[in-house]
Each structure stands twice: as C-alpha cells, then as structure tokens.
Amino acid sequence: MATLSDSPSKLDHLKSWVEECAALTKPDRVRWCDGSEAEYDAIAAELVRQGELTRLNDELYPNCLLSRSDPSDVARTEHLTYICTPDKEDAGYTNNWMSPDEARARATPLFDGTMRGRTMYVVPYLMGTPSSPFAKAGVEITDSPYVVLNMRIMTRMGAVALDHIARTGEFAPGLHSLGDLDPERRLILHFPEENLVWSVGSGYGGNALLGKKCLALRLASTMARREGWLAEHMLILGLEDPSGNVTYMTGAFPSACGKTNLAMLVSPLAEQGYRVWTVGDDIAWMRVGPDGRLWAMNPEAGFFGVAPGTNEQTNPNAMATLRGNSIFTNVALTAEGTPWWEGLTDAPPDGLIDWRGQTYDAASKSPAAHPNSRFTSPARQCPGISPHWEDPRGVPISAIIFGGRRARVAPLVYQSFDWRHGTFVGASMASETTAAATGKVGVVRRDPMAMRPFIGYNAGDYFGHWLEMGQRIPNPPAIFHVNWFRRDAEGKFMWPGFGQNVRVLRWMLDRVSGRGGARETAIGYVPTPDALDLDGLDLTPAAVEALLHVDHAEWRDEAQNIGAFFDKIGPRLPAALRQELDGLRQRLG
Ligand code: GTP
Ligand code: SPV
Ligand code: MN
C-alpha cells in the first residue's frame, strides 16, 4: 500500500495541493481518510453523539443513519453551477460561465478560513473498479463528515484510490466546504483545463459529492470528448431472455425521471424468462470495444436514489437495497425509528417527525419527506445487481434509451431510424422539471440526452461529438425514446409503469434481434399494438392506441420548439441536426 511518507513519490503533487488547500481554508486538523469500515463507524458515531445524525432502529434498519440538511440546501442549484473556461463559447448556451480568473477571485474569499475550528478530510476515491483501465481517481477535500460517509458508499474510497494515485500520479482535485450554507455565497465551479472542482456553500448531493455530477459527468464529458468516449447521465441494465442471454441497454432520463426504477426493475414476466439485472442507475462511461460495439461501465459504487415513490410494489429491489448500511437524507422519521416518505405507505403513520425535525401535521399540505429526499446505499446490496457490474471493461450495449417526463406529445416508445436520427432524438428531448434541482417543478424544458445540467462544454460541440462517435462504432446500439408519464384527460398516468416497463424493454430486445413489429411514423418506428406483450394489463385498446399515438399537430409545435432551442445552441450546432429537424418537419407535413 502507498504511504504518505513514500518519497520522492507520485503523491508529491497531491501532498502539496492538500497543503495549499489547508493554507487557504485553515482547518484545525487534517485527516487523510483510509476508507475503512472502522473509520466510517467512528465518524458516524461522532456525528450521532453531536446530534448531527440520527441512528435508525437497528433491528429494522441495521447500521442506518438519518441526516437532515439545512432547509435551504436540499437539491442541486443549477443557477450557481459554473463552467470556468477562458472562452465563454466553450461553456455554451446550456452552462453558466465564469472566466477561471474571476471564479478564483470570487471563490477564494469564500474558502478563506472556512474550515477554522473544523477538521479537513482528505478523501481519495476511484470512479470505476480498481482493476479497470478506465477508472479515474479523484481526491475530495471537504469539511463535511456527512460527505465523507456518503463518498464511502458512492465510490471506492481510501487506500485503494491512494494506491492508484501513487502508481499513476493522476487525480482530479476537488475542494469542498460547507461555508455558511448561505445560497448567496454558494458556488459550484468547474475548471475543465485543470480537471478541478471548487464547491462551497452546499452539503447536498451533486453539489457536494464531487465524484458524481462534477467529476463523472461535467469534467469527464470534456475528457471523453478529447479522448473519444462518452460520459453520460445513464442507467445501465441487462435484460435476460428465456434462453438465458443477457442484452445490455443504457437509459438517459432527466433527474428524478425513472433511471433508478428502470435499472432495478423486478419483472412481472419472470415466469416467461424475462428478468432485469442492474449494472448502474445514474452514470455510464462508454467506449468503443475491440469488437466494434459500445461498452458501458458504471463508475459508481452506490446509489443516491430518490426516496419518494419508492415502495415494495414500485421498486422492491430498492427497498431491499436500502434496508441496511444506508444513509437517508431529508426523509421523515416514524415513532419506531424507521424512515418514511410519501408513497412508502398509503398514509403517513401517526407520530411522524418531518424532514425538518418537526412533529408532522397530517392535515398540512406539505409533504413529510422532502420531494428530493434520498437514500445512499451500497450497490452490492441490490438483489438484482448484475454479476458483471464490476467488470473492468464494462458490458456491451445493444440499445440506448432516451426518455422524458411528458404529460403529452411523446408516445410510450419509439425507435429512431439510425444513429444520426437517434442523436437528434436525444438532442431534442424535453422533460418536465423535478425536485432534483431547485426552481419550479413541472415546467417542460429541453434536456438534451438528460445532460442539460451536466454537459461540461458547449452543447453544440457535444452533439457533434455524439455524431462523430456514431462514425466510430461499427456496430452501434439502436436508439429508442420512451415516456412513462403520459397522462389522460383526467390527469392520470396512462401507463402502469415501474415493473411493467419490462414489456417495452422486451419490444426493444425484439427490435434489436431483427424481430418486433413496428410501423414507420414521422418521428420513428412505433410498435404495432400486437407487437407489445400487454397480457394481463388492464388497458383498453383505445388506451393502447392513445399511448402510441403520434399527433401531427402536437408534433409540429414540438418541431417549432426544437428549432427555437437549436437556435439558442448557436453556431456550433451541427448542420446534421438541422437537417434532421427539416426531415421531421417534412414528414409531419
Ligand atoms: P436521479 O437520481 O435524480 O437522477 O433520478 P432517477 O432518474 O433515477 O429517477 P427515479 O427512478 O428515482 O424516479 C424518480 C421518481 O419517478 C420516483 O418518485 C419514482 O417513483 C417515479 N417513477 C419512476 N419510474 C416511474 C414509472 O415508470 N411510472 C411512474 N408513474 N413514475 C415513475
Ligand atoms: C440528479 O439530480 O440527477 C441526481 C441527484 O442523481 S444529485 O446527485 O444530487 O445530482
Ligand atoms: Mn441523476
């Protein structure tokens, strides 16, 4: 194992950066984390003693903790998140931009002395399995022990990562401090040229667990473009068929739009031999393999999953996963010391404490758990975890699924004509906003490839990179689009969703196997009603038709909106996407 006193060593750069950060933030103590269970237990015990964390009922939820965040710090804050490149155009329309000099000048005073009286934790971590040639090391410096605990679940943390850095000398540095948690003094800054993140003023989720959205998506997407691969906001799953063959698919749905649920799907068609294996639920790194196919790996080691809506019916595998060794953030607490959230049971139990720590008034209109409350759980605890989830080369991908949350317009499922058209389908995606980020919920916005908040560079260049990747993949995956969230005239979801989504996956499998009935429409191939196995579902033929309907008038409006979005992307939008839009308009008439 690498030790810090190895000298001269490839750790010198790391050591001097840690010293620099300590000189700026002025902590009382510096603690290098080894990632051990003993260390986790000691930090957790100390936080429980201080009243910062609550230990849950140890019989029902062994080794589980409850954390309540500051009420002003409950989700990613996209308006305070910046890409810091010398040239503003390199950040592009979908990002906030600041020059690196200005970013440093604005953030330095916020970091100055911010760790006084506190401990500075140095957290080496790996994204990807240690034996993978594609694994990347990061080091997060943080004054939040809650972040340290979460990082130990979400990444391969400590000694294994320090060894990797000692061998390669490479790591992505990330400096994080809670600051005073004032949103006015909060900044999440990315410096792609240095692979560096500075985050101050938030302790929540993607703002603070710097390996996740900051490194594995925003910075990784810029590396991926340079190096010819893809870093995407995607789940990875394997669909097993009756012959025992497993076909792997990735899915990009915006935040809180169903990735974890689809990845962990428990199949109602298990008796017929169809079941789903979970490889990842949020991020996929994808490369072209020697066989000319696209291979995907999950760089994470845990799930940071949305709690509300999760229950034994919707997502039994998530329920089993979160039963132990988990951290619950901003959920409610029952009298017996177990977590609770909207949708876990039909009605809130008596004696509930809400996410702010107050007695819950069942008559109140506000939810007991925050809508963006989360569980942090080790991936290996998932009953459906794929035997290949830690394969160093990843898994070969046969289908890419884009999806949004749309009350109207988008049908249940359609398939693009080819990679170029599929890139257009991804680039023109839209979805209703959710509680995963601050701001209004339920507003339809363009969210290309579910990456709008996570593309680390100019979105036009990003689309160009997708198109180029198509040229480099001799056997590219088929590309689909789904919408589990279409509503009827009464506002009810028309599709049962959750486990029943396997029926749609099965059609995709049929399609990539050269079977699977479809009719060609203006937007792509839509299943013929008999091509979907809907046996046992309570759906009228009229409902099925409505679910699969492509309304030309609605789609002409959609094309209008896509055109307006493309205009905003600016001159770097690839011409091929304009041509695809023209093609769509022509087909719509
Ligand atoms: P992030 O972790 O924020 O990236 O979210 P995610 O994409 O993993 O979303 P997740 O699977 O956690 O689902 C978010 C919400 O959508 C939860 O409240 C789910 O219960 C709900 N949901 C997921 N799948 C379906 C579905 O098929 N139908 C319906 N109606 N709701 C769903
Ligand atoms: C998302 O918002 O897409 C998440 C949660 O997965 S967070 O880690 O907060 O970004
Ligand atoms: Mn996500």
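**The metal site and a covered helix**

Modeller: The manganese ion (ligand 3) is coordinated by Lys213 through NZ, His233 through NE2 and Asp282 through OD, at 2.1 to 2.5 Å. Keep in mind that this is a predicted model.

Colleague: What spacing do the donors follow along the chain?

Modeller: The pattern is K-x19-H-x48-D. Lys213 sits in helix α7 (residues 211-227), while His233 is in the loop between β12 (230-232) and β13 (235-240), so to speak 20 residues apart, and the pair links distant parts of the chain.

Colleague: Are Lys213 and His233 buried or exposed?

Modeller: Lys213 is buried, because its relative accessible area is 6% and the cut-off for buried is under 20%. His233 is buried too, at 1%.

Colleague: And what is the geometry of the manganese site?

Modeller: Irregular, with angles of 64 to 174° among six donor atoms. For six octahedral donors, the ideal angles would be 90 or 180 degrees.

Colleague: OK, switching to α10. How many of its residues are buried?

Modeller: Eight of the nine residues in α10 (residues 419-427) are buried, so the helix is mostly covered. Among them are Trp419, His421, Phe424 and Val425.

Colleague: What covers them?

Modeller: The cover of the buried α10 residues includes strands β23 (395-403), β24 (413-415) and β27 (478-482), along with helices α11 (459-472), α14 (552-569) and α15 (575-588).

Colleague: Which residue caps the N-terminal end of α10?

Modeller: That's Asp418, with a side-chain oxygen 3.3 Å from the backbone nitrogen of Arg420.

Definitions and conventions. Residues are numbered from 1 along each chain as its sequence is written. Chains are lettered from A and ligands numbered from 1 in the order in which they are written. This is a predicted model: local features need pLDDT of at least 70, side-chain atom pairs count only at pLDDT 80 or more; totals for chains, interfaces and linings use all residues. Side-chain values use heavy atoms; hydrogens and water are left out. Donors are N, O and S atoms within 2.8 Å of the metal (3.2 Å for Na, K and Ca); water is not among the atoms, so sites may look incomplete. Four donors count as tetrahedral if all angles lie between 85 and 135 degrees; four count as square planar and six as octahedral if opposite donors are over 155 degrees apart and all others between 65 and 115; anything else is irregular. Helices (H or I, at least four residues) and strands (E, at least two) are DSSP runs, numbered from the N terminus. Buried means under 20% relative accessible area, exposed over 50%, partly exposed in between (1.4 Å probe, protein chains only). Contact means heavy atoms within 4.5 Å. A polar contact is a pair of N or O atoms within 3.5 Å; within protein, one must be able to donate a hydrogen and the other to accept it, and residues adjacent in sequence count only if both atoms are side-chain atoms.
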